[in-house]
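Subject: Structure for you to look at

Hello,

Here is the structure I said I would pass on. My notes on what was found in it follow below.

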Amino acid sequence: MLDKPDVDERLLAAEVAAAWGVDIADLVFMPVGLDVNAWAYRVDTSDGERYFVKLRRGEYTPAAVLLPGFLRAHGVRQVVAPIDLPDGGASHGFGDHRLLLYPFHDGGSLWGRGLTERQWIEYGEFLGRLHAVTPSADIAAVLPVETWRSSAGERLRALGERAAASQVLGAFWDRYGAALRRLSATVDDLASRVTHGRHVVCHADIHPGNLIADGDGPLHVVDWDAPILAPRERDLMFVFSQDFGDHPIDAHCAELFRRGYGPLEPDQTLLSYYRSERHLDDVAVFLESILNSEASAESRANDLHWLTRIAETVAGPGYAP
């Protein structure tokens, strides 16, 4: 989130220090991510260590807390998992919020600069390992299961009326509203035609923005907020779509990815469903964020940029999810 949360940062730093037993020298807000209910901070300690703090309004899902550690324990080394509290567990309460503490990895996300050839292979290796993991009964019990019943269309219909009447979004809705309603119908049609394939553990948001690396160094995979049991195309959509990151896949990168992942023939209907449903869901998220009366002008402008980028893609004559 670009806007700071309405919390006392001195109390936040003291809470983190007491909960995890770290001596905090500085707490630095990081304006990253688009989740309106989550905020990020970097913690600098007196002994030179760095950590990443995630603050969430409300509860984390059990899967978001438990799955990353389970995956690291089963050899998926790229996973960035929360650090356990001294008394057990990983999530700590802070008023109406919950905290998770993570290792901090330098280098930033790969959304803007793209992956190197070696990293494309590792990207494939990571997803191949992830999709091969068999969850324990405890983990499977807390993982959501794909149903192909998206709420995004209903949310779009509810928000569309507000957008049309909004000073900020009125012109946008006049231009793109019809295309977005067609997108909603497309999602419903594709959902009725998908093949209910074998379910695997999916990250569900595995675009380059959630891949952290320093130069050509190893990948670190973050943002495990919404994992799901679903066909592997739920993740592969981010790899083979042209919509995610400033340096999307080409034929050469696809070959490198397959070298890491292994034999791969994705189901095209599933890829189309997941691409169109993600577009629709993102549109609903951005509309709601822009219409939030508490959002800053900077946050609204950023959300409108991404919303318009999606709408232009959807409204284009060649759009075919």
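I start in the sheet, where valine 43 has tyrosine 51 in E3 as its bridge partner. Please keep in mind throughout that this is a predicted model.

The sheet

That bridge belongs to the pairing of E2 with strand E3 (residues 50–57), which run antiparallel and are joined by seven bridges. The two strands form a hairpin with four residues between them. In the turn, glycine 48 has a positive phi of about 90°.

E3 also pairs with E5, again in the antiparallel sense and over seven bridges. There, arginine 57 has histidine 97 in E5 as its bridge partner. Histidine 97 turns up again as the bridge partner of phenylalanine 94. E4 and strand E5 (residues 97–103) run antiparallel and are joined by three bridges.

Put together, this is an open sheet of five strands in the order E1-E2-E3-E5-E4, with antiparallel pairing. Which strands stand at the edges? They are E1 and strand E4 (92–94); each has a single partner strand, so one side of each is left without a neighbour in the sheet. From one strand to the next the twist averages 30°.

The cores

The largest nonpolar core has 75 residues, and Tyr123 and Leu287 are those with the most contacts inside it. Helix H9 (residues 268–291) supplies the largest share of this core, 11 residues. Apart from this core lies another, of 20 residues, and Val43 is one of them, along with Leu12, Val16 and Leu99 among others. As a general point, nonpolar side chains in soluble globular proteins tend to be buried together.

What does leucine 287 touch, leaving aside its neighbours within four places in sequence? The list is Leu156, Leu159, Ala163, Leu169, Phe172, Trp173 and Leu307.

Aromatic pairs

There are 11 aromatic pairs in the structure. One is formed by phenylalanine 29 and tyrosine 41, edge-to-face, at 5.4 Å centre to centre with 65° between the planes. Phenylalanine 29 is in strand E1 (residues 24–30) and tyrosine 41 in strand E2 (residues 38–45), so to speak of the chain, they are 12 residues apart. Both phenylalanine 29 and tyrosine 41 are buried.

A tilted pair is made by tryptophan 120 and tyrosine 123: the ring centres are 5.7 Å apart and the planes are at 45°, which lies between the 30 and 60 degree limits, so the pair counts as tilted. Both residues lie in helix H3 (residues 117–132), three residues apart, about one turn of the helix. Tryptophan 120 has a relative accessible area of 6% and tyrosine 123 one of 1%. Buried means under 20%, so tryptophan 120 is buried, and so is tyrosine 123.

A buried arginine

Arginine 278 is located in helix H9. Is this residue buried or exposed? Its relative accessible area is 14%, under the 20% limit, so arginine 278 is buried. Its side chain is joined to that of aspartate 205 by a polar contact of 2.7 Å. Leaving aside neighbours within four places in sequence, arginine 278 is in contact with Ala204, Asp205, His207, Met237, Phe238 and Phe244.

Regards

Notes: Residues are numbered from 1 along each chain as its sequence is written. This is a predicted model: local features need pLDDT of at least 70, side-chain atom pairs count only at pLDDT 80 or more; totals for chains, interfaces and linings use all residues. Side-chain values use heavy atoms; hydrogens and water are left out. A nonpolar core is a set of buried Ala, Val, Leu, Ile, Met, Phe, Trp, Tyr and Cys residues joined through side-chain atoms within 4.5 Å. Buried means under 20% relative accessible area, exposed over 50%, partly exposed in between (1.4 Å probe, protein chains only). Contact means heavy atoms within 4.5 Å. Rings of Phe, Tyr and Trp (its six-membered ring) pair if their centres lie within 6.5 Å; planes under 30 degrees apart count as stacked, over 60 as edge-to-face and the rest as tilted. Two strands pair if DSSP finds at least two bridges between them. Axes are lines fitted to C-alpha atoms, for helices over the stretch in contact, and angles run from 0 to 180 degrees between N-to-C directions. A polar contact is a pair of N or O atoms within 3.5 Å; within protein, one must be able to donate a hydrogen and the other to accept it, and residues adjacent in sequence count only if both atoms are side-chain atoms.
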